[in-house]
Amino acid sequence: MYRRAEHEGDCGTEGVAVIERAIRSFLLDVDAIRTVVGTRVYAGFAPAGTSGPYLILNRIAYAREYYLANELPVAVVTLQLDAYEATQAKAWDLWEAIRSRLSGYHGNMSYVDTSGDESTYYVHEATIQRDNFLFSAPADASDKWTTAYSSDWRISHTQPMPTHS
């Protein structure tokens, strides 16, 4: 349910859960990440012609927990996070900054929307499920390869309860 990012830094607002926006904000709170990517964090894929370092967040799966009477206030998102950079070494350094910030984290993550409303989720766990380098061959008569370090994350967090109204 991701839409194409319309402008630089757009993490998507339609079809993207608040937890992804909170993760984006959480990552950009770190100088080692923000100084490299600026606001270039996209949902799904980057706009055509995007260059320079950037991140892509892509929801792989989302599971809610239930018990006999109702849904629990806990959900688990599997999120693919790709760190794009000019070289393999730079992609690795950017990914290491992300890993240092996110791996094993438990605590609050928040997002403030355009109207000033804040949504806060408690993250129970953030664990790496898989990670590897990605390479894309040059396109459009370029001789530059695209390099990224990709990782899948399992993030367990609180979620609002259904009101049944």
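So, how much of this protein is buried? Buried residues make up 39% of the 165 residues, where buried means under 20% relative accessible area, exposed means over 50%, and partly exposed is in between, with a 1.4 Å probe and protein chains only. The accessible surface comes to about 8900 Å², and 50% of that belongs to carbon and sulfur atoms; these areas come from the Shrake-Rupley method with a 1.4 Å probe, and for residues only the protein chains shown count as cover.

Quick housekeeping. This is a predicted model, where local features need pLDDT of at least 70 and side-chain atom pairs count only at pLDDT 80 or more, while totals for chains, interfaces and linings use all residues. Residues are numbered from 1 along each chain as its sequence is written, and side-chain values use heavy atoms, with hydrogens and water left out.

Okay, the overall layout. There are three helices and six strands, and along the sequence the pattern reads α-α-β-β-β-α-β-β-β. Helices (H or I, at least four residues) and strands (E, at least two) are DSSP runs, numbered from the N terminus.

Now the sheet. The six strands form an open sheet in the order β1-β2-β3-β6-β5-β4, with mixed pairing; two strands pair if DSSP finds at least two bridges between them.

Let's walk through some pairs. β3 and β6 are antiparallel over twelve bridges, with Thr78 standing opposite Arg154 in β6. β5 and β6 are antiparallel over twelve bridges too, and there Arg130 has Asp152 of β6 as its bridge partner. β4 and β5 pair antiparallel over six bridges, with Val112 opposite Glu118 in β5. Those two strands make a hairpin with five residues between them, and Gly116 in the turn has a positive phi of about 90 degrees.

Next, the helices. α1 lies across β1, β2, β3, β4, β5 and β6, and runs at about 100 degrees to β4. Nine of the eleven residues of α1 are buried, so this helix is largely enclosed by the rest of the structure; Ile19, Phe26 and Leu28 are among them. α3 packs on the sheet as well, touching β2, β3, β4, β5 and β6, and its direction makes about 10 degrees with that of β6. Over in helix α2 we find Ala32, which is partly exposed, with a relative accessible area of 43%.

What about the core? A nonpolar core is a set of buried Ala, Val, Leu, Ile, Met, Phe, Trp, Tyr and Cys residues joined through side-chain atoms within 4.5 Å. In the largest one, with 27 residues, Ile33, Leu55, Ile98, Leu102 and Ile155 touch the most other members. Its largest share, six residues, comes from α1. In soluble globular proteins, nonpolar side chains tend to be buried together.

Take Leu55: leaving aside neighbours within four places in sequence, its contacts include Leu27, Ile33, Leu81 and Ile98, and contact here means heavy atoms within 4.5 Å.

Ser151 sits in strand β6. Is Ser151 buried or exposed? It's buried, with a relative accessible area of 0%. Its side chain is joined to that of Trp153 by a polar contact of 2.8 Å. A polar contact is a pair of N or O atoms within 3.5 Å; within protein, one must be able to donate a hydrogen and the other to accept it, and residues adjacent in sequence count only if both atoms are side-chain atoms.

And then Glu71, in strand β3. Glu71 is buried at 10% relative accessible area. Which side chains does Glu71 have polar contacts with? There's one of 3.5 Å to Tyr66 and one of 2.7 Å to Gln159.

Definitions and conventions
Axes are lines fitted to C-alpha atoms, for helices over the stretch in contact, and angles run from 0 to 180 degrees between N-to-C directions.
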